[in-house]
Amino acid sequence: MEEFFQQLTNGLAVGSIYALIALGYTMVYGVLKLINFAHGDLFTIGAYLGMTLLASFALHETIGPFIGLVVLALMVMGLVAILGAIVERTAYRPLRESPRLSAVVSALGASIFLQNAVMLIYGARFQVYPEDLIPETAIDLFGLYVPLVRILVLAASLVLMAALYTFIQKTRIGTAIRAAAIDQDAARLMGIDVTRVILLVFLIGPALGGAAGLMVGLQYGQINFTMGWTYGMKAFTAAILGGIGNIPGAMLGGLLLGVIEAMGSAYISIAWKDAIAFFVLILILIVRPTGLLGERVAEKV
Amino acid sequence: MKKIVFVLMTVCLLTATAYAQDTIKIGLMAPLTGSFASEGAEMKQVLELLNAELNAKGGLLGKKVELITDDDGSDARTAALAAQRLTTKGVVAVIGTYGSSVTEASQNIFNEAKIIQVANGSTAIRLTEKGLKYFFRTCPRDDEQGKVAVDAIVKTKAKKVAILHDNSTYAKGLADEVKPQLEKKGIKIVFFDALTPKQSDYTAVLTKMKGAGPDLVFFTGYYSEAGLLLKQAKQMNWKVPFLGGDATYNTDLVKLAGREAVTGFSFVMPPLPKYLPSKQAKSFLADFKKKYGNEPSSPYSVLAGDGFRVVAAAIAQTKTTDPDKLANYMKTQFKDKDALTGTISFNAKGDRVGDVYRYFKFDSKGEIVLQK
């Protein structure tokens, strides 16, 4: 039983990262019906920027580890958000009126461009976050041994997700985003500036992705320019699992995918971990083709 | 005036002959992009250095040697394309590549084109069991590595061992090789499974292994995963000793795992030049450091260097670039006592002869120590 709960925490820790990245995919898909392949690479850039900023400002030393890390996270999120907006401006906006396939190709191109840019700037070697930023203590939770950094990462991602959920559900701008996701033309007729909504989505999604990158760096210490591909793939799966286009769905899908992976490797086979995760995805899609929380969309005939 | 004309004529004549001379082309197929890109970058550095030195001494058979590099992308499909490109460029031999599954995709292409291939990091056994005439490797095979690993495990007196691989040709081959040998020696294998490489969270794997209660974990995969495993095992407060195969070592490992987590980690590996007494290795190291600012971090880039030296020496000694003669010579008569990684000669399969593997362990300062 102890092992079960240990695996549950393992799964939740990985799943919370998947969920944060999945939000970026799902928000863009919701508004534009476009899969932003460059999102995984924005996540990578978040991880690298975090490392650079840590090394150059050493905020955790000057203003204390906790505030230092919060300020660092805000800086990374801001920078990655700006980058996300640039990607939208250069790779997607010129293709707004083109067939959807052109935008997908452009997204793949942006992904390849960003990935190789990271490789050229930082090199192909694995990069390492400075050690001992967060004390390497583990907390004893009823006999479970959970490292402090895991709890912090899980808590931070839950806070970010809760903030996003409130923002989307309770504010006027959030309502505008939801409206644009349902019907862009109708939203425009209601006086919503859809172009700005899209820009906003490309600021929020990458900011969350960048934060996830920073968390991966802090938690695991080692980052690599190809990491966006692996995480992006999983997060994209999570978004579909929860129902792509649906924000709570992405959160649920991410956490669930992490837990399924951990349980699959614990009780079936580690080597089959991914196969199990995709098998569950297929099962869920057979029963609910729109994902767990996805709404039924009637096809226009 | 006469003098000037004479000088000009000589210059013209000299440059004309220089242009008339063609070059001997040696290919390098290396992972310049993809997940082994850091290995590939260093392989290229080593070969460029050795090639420059060779040309400074006058090249081969009176011709300059030209190095033609292509990228295998750390991926079998990309490697097949790279191999096809290299065959069209008139190379005599190709050095590379690193990963066994990547090399495997290029083997037949080079063999059909009668191009000598000297792999530097591909230790999977079956690569030389196919009877390919022009395939060689400077790294030893996994059965050789397996033997050394089994000896090392027996020495630790572990009774229950967990074996973890990553399903790659190399890592699975080594794991499969070691498992029956350990069982024969009465050691119980309590865990045998594969992780998925290139992820950052292996706590699920570690939790499961911990449940099996091994005295020792033998990990046959690569160094980035090894770093994460060591680091996360320490975070979990699980103090089991880890033993790694030869791909687990890279100078970056200490950084990746952290000095504390790496303490006590042991591995089997062909030695880096700094553990070799030869004069050749020392001067090579000095030259490398002078040109690039740091010492080579991987033993495989040095083995690629040895591959280049072997081909160059074989061409110089046979005075030909005919692939049949070269392959024949390398398999039957070739012997280099002063190679960077020790003595090199090949058997009829193209495998390197002699034991190359050593057993190392990290001390508490993050330094590696040769174990007897």
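**Two chains and how they pack**

Mentor: In chain B, 12 residues of domain 1 are in contact with 12 residues of domain 2. This is a predicted model, where local features need pLDDT of at least 70, side-chain atom pairs count only at pLDDT 80 or more, and totals for chains, interfaces and linings use all residues. Residues are numbered from 1 along each chain as its sequence is written, while chains are lettered from A and ligands numbered from 1 in the order in which they are written.

Trainee: What makes two residues "in contact"?

Mentor: Their C-beta atoms, placed from the backbone, lie within 7 Å. I153(B) is in contact, leaving aside its neighbours within four places in sequence, with A158(B), V161(B), L182(B), I187(B), L216(B), F218(B) and L243(B).

Trainee: Which are the two domains of chain B?

Mentor: Domain 1 is 7-140 + 276-344, and domain 2 is 143-269. Such bounds come from an automatic or database domain assignment. Taken over C-alpha atoms, the centres of the two domains of chain B are 32 Å apart. On the side of domain 1 of chain B that touches domain 2, helix 4 (residues 100-112) gives the most, with 3 residues. That side divides into 4 nonpolar, 7 polar and 1 charged. Nonpolar here means Ala, Val, Leu, Ile, Met, Phe, Trp, Tyr, Cys and Pro; charged means Asp, Glu, Lys and Arg; polar means the others, Gly among them.

Trainee: Why is L303(B) called buried?

Mentor: The rule asks for 20 or more other C-beta atoms, placed from the backbone, within 10 Å of its own; 12 or fewer means exposed, and in between is partly exposed. L303(B) has 28 other C-beta atoms within 10 Å, so it is buried. L303(B) sits in helix 12 (residues 299-318) of chain B. Not counting residues up to four places away in sequence, L303(B) touches N120(B), G121(B), T138(B), C139(B), P270(B) and T341(B).

Trainee: What makes a set of residues a nonpolar core?

Mentor: The members are buried Ala, Val, Leu, Ile, Met, Phe, Trp, Tyr and Cys, joined through C-beta atoms within 7 Å. The largest such core has 211 residues, and A211(A) and I153(B) touch the most other members. Helix 1 (residues 2-32) of chain A gives the largest share of this core, 16 residues. Both domain 1 and domain 2 of chain B give residues to this core, so it lies between them.

Trainee: How do you know where a helix or a strand starts and ends?

Mentor: Each is a DSSP run, numbered from the N terminus: helices are H or I, at least four residues, and strands are E, at least two. Strands pair if DSSP finds at least two bridges between them. In chain B, strand 8 (residues 216-219) and strand 9 (residues 242-244) run parallel, joined by 3 bridges. V217(B) stands opposite F242(B) there.

Trainee: What is the strand order of the open sheet in chain B?

Mentor: It has 7 strands in the order 7-6-8-9-10-13-14, with mixed pairing. Strand 7 (188-194) and strand 14 (368-371) of chain B are the edges: each has a single partner strand, so one side of each has no neighbour in the sheet. The twist averages 25° from one strand to the next.

Trainee: What makes strands 2 and 3 of chain A a pair?

Mentor: Strand 2 (residues 138-141) and strand 3 (residues 144-147) of chain A share 4 bridges in the antiparallel sense. I139(A) has V146(A) as its bridge partner. The two strands form a hairpin with 2 residues between them, and F142(A) in the turn has a positive phi of about 50°.

Trainee: Why is helix 7 of chain B called mostly covered?

Mentor: In helix 7 of chain B, 8 of its 10 residues are buried. Among them are V205(B), L206(B) and M209(B). The cover includes helix 1 and helix 11 (247-267) of chain A, together with strand 6, strand 7, strand 8 and helix 8 of chain B. Just after helix 7 of chain B, G213(B) takes a positive phi of about 60°.

Trainee: How many residues of chain B are in contact with chain A?

Mentor: On chain B there are 30, in contact with 30 residues of chain A. Helix 7 of chain B gives the largest share of the chain B side, 6 residues. That side divides into 9 nonpolar, 14 polar and 7 charged.

Conventions: Axes are lines fitted to C-alpha atoms, for helices over the stretch in contact, and angles run from 0 to 180 degrees between N-to-C directions.
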